[in-house]
Amino acid sequence: MWVIAHRGASGYRPEHTPSAYRLAAAQGADYLEPDLVATLDGVLVCRHENEISSTTDVADHPVFADRKITKIVDGTAVTGWFVEDFTLAELRMLRARERMPALRASNTSYDGLEAIPTFDEVVQLARRESARLGHPIGVIPEIKHPAYFRRLGLPLEELLTERIMALGLRDDEIMVQSFEPTSLRRLSVMTRVPLVQLIDAESAPNDFLRTGDGRTYADLIEPAGLREIATYAHVLAPHKDLVIPRTAEGCLGEPTRLVEQAHRVGLAVQVWTFRAERRFLPTATDYSTELKRFAALGLQGIFADHPDQALAALRKPALKV
């Protein structure tokens, strides 16, 4: 089963930084997960969101003070500084910082040390570390807010396909994720790399909301929805609560049939996101036990903020579910 380093080893370093990706590789992760947004000059860079005030020191740069603005991103008003308003050269002036300093205080000791990496740089890092460590390390980028960026004239699907071709990425080196089915359908005719349909635990894909398609994520994981996903994607990546829901007391409940049903239509299953901190764990369950419960369902991969702890848990025999 693949262990996918969620935004790098983000439990130990500020997310989407070179050190987070390098540490994840050293810990044994099979894939590095960069979230991708686009700069004003069309370069793909790694940030969880296009608004960057919580993950960089942009607010400390007076030269960029006038770029603070409120925008509507996927139907929500967001105030701050946005990647698409900066060239890559301007972004290079900023430094990354920990997004959850109250929870991950030790990560803040790395604040201000690193710049925002580009997608190309993460691919190059994965290839270098793979050669150095002697085991394959792929990348599994998620394109963020693709409908939003397309309206800005920065189509992430085209920008990413261009980089996949330019970098000569093989099918076994990359998978591409999105929450938006329309985005994955576009990619399915642009590239042959494996595609991953992300599924949230509630609401609906933004492209469905934008176009008036009344279906929700819940509809997409019904048998008919899974069959449709299998026509353009290779992997289903649901929120973990859709696989093993929690009870009213916060404990792990009984598994759903989602993994079995996805496998039946030919979809692999990768589940997100596993975090080792107590606040994210089920009641009366430790991290290792939680992972083993999920692994027993026959998953192909899990997303983890702490790749080393995930690998340590998964090397042991899985529990019967």
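Reply: The lining of the largest cavity has 5 nonpolar, 1 polar and 2 charged residues. (Nonpolar covers Ala, Val, Leu, Ile, Met, Phe, Trp, Tyr, Cys and Pro; charged covers Asp, Glu, Lys and Arg; the others, with Gly, are polar.) The model is predicted: local features need pLDDT of at least 70, side-chain atom pairs count only at pLDDT 80 or more, and totals for chains, interfaces and linings use all residues. Numbering starts from 1 along each chain as its sequence is written, and side-chain values use heavy atoms, leaving out hydrogens and water.

How many cavities are there of 30 Å³ or more? The structure holds 1. The largest cavity contains about 40 Å³ of space. (A cavity is a set of points on a 1 Å grid over the protein atoms alone where a 1.4 Å probe fits but cannot get out, and lining residues have an atom within 4 Å of a point; the volume is what probe spheres set on the points fill.)

Val123, Ala126, Arg127, Ile137, Gly138, Val139, Leu169 and Glu173 line the largest cavity. Helix H3 (119-133) and strand S7 (138-139) each supply at least two of the lining residues. H3 gives the most, with 3 residues. (Helices, H or I of at least four residues, and strands, E of at least two, are DSSP runs numbered from the N terminus.)

H3 also packs against helix H5 (residues 156-167): their axes come within 11 Å and cross at roughly 35°. (Axes are lines fitted to C-alpha atoms over the stretch in contact, with angles from 0 to 180 degrees between N-to-C directions.) This H3 and H5 crossing is right-handed, with the near helix turned clockwise from the far one by less than a right angle. H3 brings Phe119, Asp120, Val123 and Arg127 to the contact; H5 brings Leu160, Arg163 and Leu167. (Contact means heavy atoms within 4.5 Å.) By class, these contact residues are 4 nonpolar, no polar and 3 charged.

For reference, take another helix pair. The axes of helix H11 (residues 287-295) and helix H12 (307-314) come within 9 Å and cross at roughly 60°. H11 passes H12 in a right-handed crossing. Tyr287, Ser288, Leu291, Lys292 and Ala295 of H11 meet Gln309, Ala310, Ala313 and Leu314 of H12. That contact divides into 6 nonpolar, 2 polar and 1 charged.

Methods
On a 1 Å grid over the protein atoms alone, a cavity is a set of points where a 1.4 Å probe fits but cannot get out, and a pocket is an open set with protein on both sides within 12 Å along at least five of seven lines; lining residues have an atom within 4 Å of a point.
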